[in-house]
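The sequence and structure are shown first.

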Amino acid sequence: MKDNRRKRRRQKLIVCNENDVNSVETAIANENAELPMGRALWKIDSMDQKTSEQFSSKEFIMRDLSLERTRLKLKELQSGFIDDMEEKMQRVLADVIKEVGNPENDQKLFDESLNCLDKMKPTREGTLPDKQFLTRNSLLTDLFEIKHIRTIYHIFVAILIILFLNTLIYDLTDTGRPKFGFGLILWNFGDIKTVIMIWICMMAGVFSLYLMFHFYASNRHKVPLKHLKLWDQCWLVAFILYVCALLYFPLASLLEHNLPPASSLIVLMEKIRLMMKSYAFVRNNTPKVLAYQPKDSNNDKQSHSPCPGFSQFLYYLFAPTLVYRDSYPRTDSVRWRVVAWSFTEVIGIIFYVSFIFERLLKFQFEHFGKSRVESKDVIVSIFNTMMPATLAMLCAFFCLLHSWQNAFAEMLCFADRMFYKVCAKNRINICEWKKE
């Protein structure tokens, strides 16, 4: 019975279709029967080959699918990265616009017509506009409130630290002890006693000018009318002689004592400053003296003399401006922390310039004149010193026109601190160094 069943099943396996190979394997596994080598086994082998081809095609398809998914993921990452960068740039621009203000305020920084709002219209045709003092900060003070622009300030601080480390390592390897640029600083500011004496003499001359102008203004109305022109001419000659003396004697003292560069620069700058302040004081008050009438002395609104008081002259003498006014806009109090920081910046810039000369400029000229100088050496020296010289010029600008001026303005409660401006002329932005 069992043998007959096996025969029938074997016959079914022999005549089976090519698509029933899996059924053949299942039947053989269930019955544990041996198939004869024949047509059925050949068909099973052909099906195995086709099955392997199907599996290999599936592998290629799966590989293509995985590559496509990877490409899509990379595309998503790329688009996401671009979106993140655009979002961050928009945030940065929004911060800048928020801190600087609306476009009209930005235009005020670079529009010459808006920058000259402190100039009043001239009363007469052909005369210069009169300056109007306003309560305002320096340009860099306002710009440094923006964190993105304050980064430039931090870059210069980083350069100062690098120059300090460079000088320190060079001193330790060359001499065995640090100098920190003190040698160059002390040499430049040498003979400081002579500088102080020259400055005291110049200040005494300026005070004598005030006394002479006060005498001239207080007694002019007492001079007879026929001698009034001679009186004015004599005092004009006296003022010209004073200016010539102020120009000559400090320079002669400087050359006589052979002062070093920084000390000479102090004397020369103070000489020019006092001369310009003296001229501005006399030029501004002379029309008042000429228009003064004796009958106005009985008026309570005016003083007996048209000459300003000594306290006004003394305040003007140290105020960071060259334009004389009887009164200026004032701040409520002195911020001594701002004063201390401004003088700290001045000291830091002195060391900054010292490091620049020690490490970048000194070696260019220390052997100058000992041998024949050729044209190519001069050209190379010019281009080698161009960058450090520009850096030193920027330091001088920041030290004199920003830190030093703001320190004295803060101590004197001087409110108008626009000592320099950015003007636009012929579509070129230039920095106008002015001390008005």
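Which residues does aspartate 171 touch, not counting residues up to four places away in sequence? They are Gly176, Arg177, Pro178, Lys179 and Phe180, where contact means heavy atoms within 4.5 Å. This is a predicted model: local features need pLDDT of at least 70, side-chain atom pairs count only at pLDDT 80 or more, and totals for chains, interfaces and linings use all residues. Residues are numbered from 1 along each chain as its sequence is written, and side-chain values use heavy atoms, with hydrogens and water left out.

**Aspartate 171**
- Aspartate 171 lies in helix 7 (residues 147-174); helices are DSSP runs of H or I with at least four residues, numbered from the N terminus.
- Aspartate 171 is buried (under 20% relative accessible area; exposed is over 50%, with a 1.4 Å probe and protein chains only).
- Aspartate 171 has no salt bridge (a side-chain nitrogen of Lys or Arg within 4 Å of a carboxyl oxygen of Asp or Glu).
- The nearest side chain of opposite charge is lysine 179, 5.5 Å away.

**Helix 11**
- Helix 11 (residues 261-291) has 31 residues and spans 46 Å from first to last C-alpha, close to the 45 Å expected at 1.5 Å a residue (1.5 Å times one less than the number of residues).
- At asparagine 285, shortly before proline 287, helix 11 has a kink of about 30° (the angle between axes fitted to the seven residues ending there and the seven starting there).

**Aromatic pairs**
- The structure holds 31 aromatic pairs (Phe, Tyr or Trp rings, the six-membered one for Trp, with centres within 6.5 Å; planes under 30 degrees apart are stacked, over 60 edge-to-face, the rest tilted).
- Tyrosine 248 and phenylalanine 249 pair edge-to-face, because their ring centres are 5.2 Å apart and their planes at 75°.
- Tyrosine 316 and tyrosine 324 also form an edge-to-face pair, at 5.1 Å centre to centre and 90° between the planes; both are buried.

Technical notes:
Helix = DSSP H or I, 4+ residues; strand = E, 2+ residues; numbered from the N terminus. Lys, Arg positive; Asp, Glu negative; His and termini not counted.
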